Amino acid sequence: MRTSQVLIPTLREDPGEAETVSHRLMLRSGMIRKVAAGIYTYLPLGLRVLRKIEHIVREEMNRAGAQELLMPIASPAELWQETGRWGFYGKELFRFKDRHDRDFCLGPTHEEVITDLIRREVRSYRQLPLNCYQIQTKFRDEIRPRFGLMRGREFIMKDAYSFDRDEEGARLSYQKMYDAYNRIFTRCGLTFRPVEADTGLIGGTSSHEFMVLAETGEETIVYAQGGTYAANVERAEVRPPTESASEPLRPLRKVPTPGARTVEEVTTLLQTTPQRLVKTLLYTTPQETVAVLLRGDHQVNGIKLAKLLGVTDLELTPPEKVMAITHAPVGFAGPIGLSHTRIVADHAVKALRNIVVGANEGDAHYVDANWERDFSVEQFADLRNAQTGDPSPRGDGPLLIARGIEVGHVFMLGTKYSQAMGATFLDPQGRECPPVMGCYGIGIGRTAAAAIEQNHDAKGIIWPVPIAPFAIHLLPLHQSARVTEAARSLYHILTDAGVDVLWDDRDERAGVKFNDADLIGAPYQLVIGEKGLAQGTVELKERKTGTVKPLAPGEVLQQAKQRLDSGSAGA
């Protein structure tokens, strides 16, 4: 394809709206253009990347036994009301009325629609197992769309849904999809980790997120050094301490701490460490206010706390209510004398002795406090975020922290949707049974954006070979007849061999062509100049390393195919 014939409106300067590397480079390289907040047009260059990702996804879905179909983006409210998600999903669900005043929504996901289809069409166990998938536009009315394709309102997604006779079959389907996802992201040329995750709004019994590792990732993941355990920080388990402090109990004392509210301020004033301070955080649920005790250097995990309390609505208690409960401003709350308030604590608190806690009065703390003697805890549980150095809950080494970008998610749904919607099949004994479901999503655009976040430099994108819009960027440095003819000959040789080539045939300076080529990020650049041709060579340059190899024109196809095949290993 010739640059002069393709819409590739590159930009010299960084767009002011761009917040992330991928957003900035997708705009600058002419891959996308904004239509409205979180809604984008995919230009030819960007669409080529998406189509290559979709091709890999289709091949692996088909290989795993899934069948492609296509469901509508609009679905009636009645289906969502059957599962209770019409009200539960919140404002992210884009609702509208048709001309007959009937309620509809734009689908952010399709569990209801696919379950409705299956309950109408599947009658017997002989029709199961069944796995159907689609690649389709979704819409979620994000309150703050940002980061380009990373968190848009309209996006392209592959979603699949499995239906099985029983739990054993469902686990097998789940494993097939888990394995397929590993193949998909490997074939896309990405460095990633599957991690245990929370099920969120989708629900179900278990799930894994597939995270592309990148320093700019929006999520934190925890993994065992040299082991197999990995989890989203919201899900990551923390083992209770195996040993408790054995020092003698010291008498409880109240000490003045004027103006010291934060962990750092209190520990500096009292010349102690955050590990010996226990902070008291108050949370309000629709039913009660709960005091949560954590070691000073630990952070509360809201997902774990909400699950312990059996609620979905959980927030920090406002300062005025903290004052009413503790009789002290924020920063001085503590468990001693805290009446009519349920107290729960992280496991790490149980192992401590002679700790510092708030005194429930302004400008004062207790030192050498001890639970059981000085205050009671109703329940100890895993309530904190995992940290670097914590032991793996699987016993496979210390935990490390990394940043990641979620590109895929697999869920074991169980019978949550099939039961709610009355989807059943007849088993061999003629009994009606709800199929056991799983669902599996991949963000196509997010995968492209994550690939950029993981593969770029100061000059632009460095595409992995399998999903690059073009494999080779052909750069003639002069408009002479000799250079043009050599470019034309190599272009046809490569394209006839099935290589995707972008031929920059513009009458532009060499610097402009190189800058655009580095920005667009084809894995290889084929540079043709008068000086090289005079010596009987052209240059094959690897975008990632900058390595340049002079080649005779007759060697280009073989050398290019060899490198591209190596870069597409596993595809």
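Where is Asn 232 found? Asn 232 sits in strand 12 (residues 230–232); strands are DSSP runs of E of at least two residues, helices are runs of H or I of at least four, and both are numbered from the N terminus. This is a predicted model, in which local features need pLDDT of at least 70, side-chain atom pairs count only at pLDDT 80 or more, and totals for chains, interfaces and linings use all residues. Residues are numbered from 1 along each chain as its sequence is written, and side-chain values use heavy atoms, with hydrogens and water left out.

**Asn 232**
- Asn 232 counts as buried because its relative accessibility is 2% (buried: under 20% relative accessible area, 1.4 Å probe, protein chains only).
- A polar atom of the Asn 232 side chain lies 2.8 Å from the backbone nitrogen of Glu 234.
- Asn 232 touches residues including Val 195, Met 211 and Thr 220, not counting residues up to four places away in sequence (contact: heavy atoms within 4.5 Å).

**Thr 285**
- Thr 285 lies in the loop between strand 14 (278–284) and strand 15 (289–295).
- Thr 285 has 8% relative accessibility, so Thr 285 counts as buried.
- Leu 309, Val 311, Asp 313 and Leu 314 touch Thr 285, not counting residues up to four places away in sequence.

- An open sheet of five strands runs in the order 28-27-29-30-31, with mixed pairing (strands pair if DSSP finds at least two bridges between them).
- Strand 28 (501–503) and strand 31 (548–551) are the edge strands.
- Strand 27 (residues 472–476) and strand 28 run parallel, joined by three bridges.
- His 473 has Leu 502 in strand 28 as its bridge partner.

How values were computed:
Buried < 20%, exposed > 50% of the residue type's maximum accessible area, 1.4 Å probe, protein only. Polar contact = N/O pair within 3.5 Å; in protein donor to acceptor, adjacent residues only side chain to side chain.
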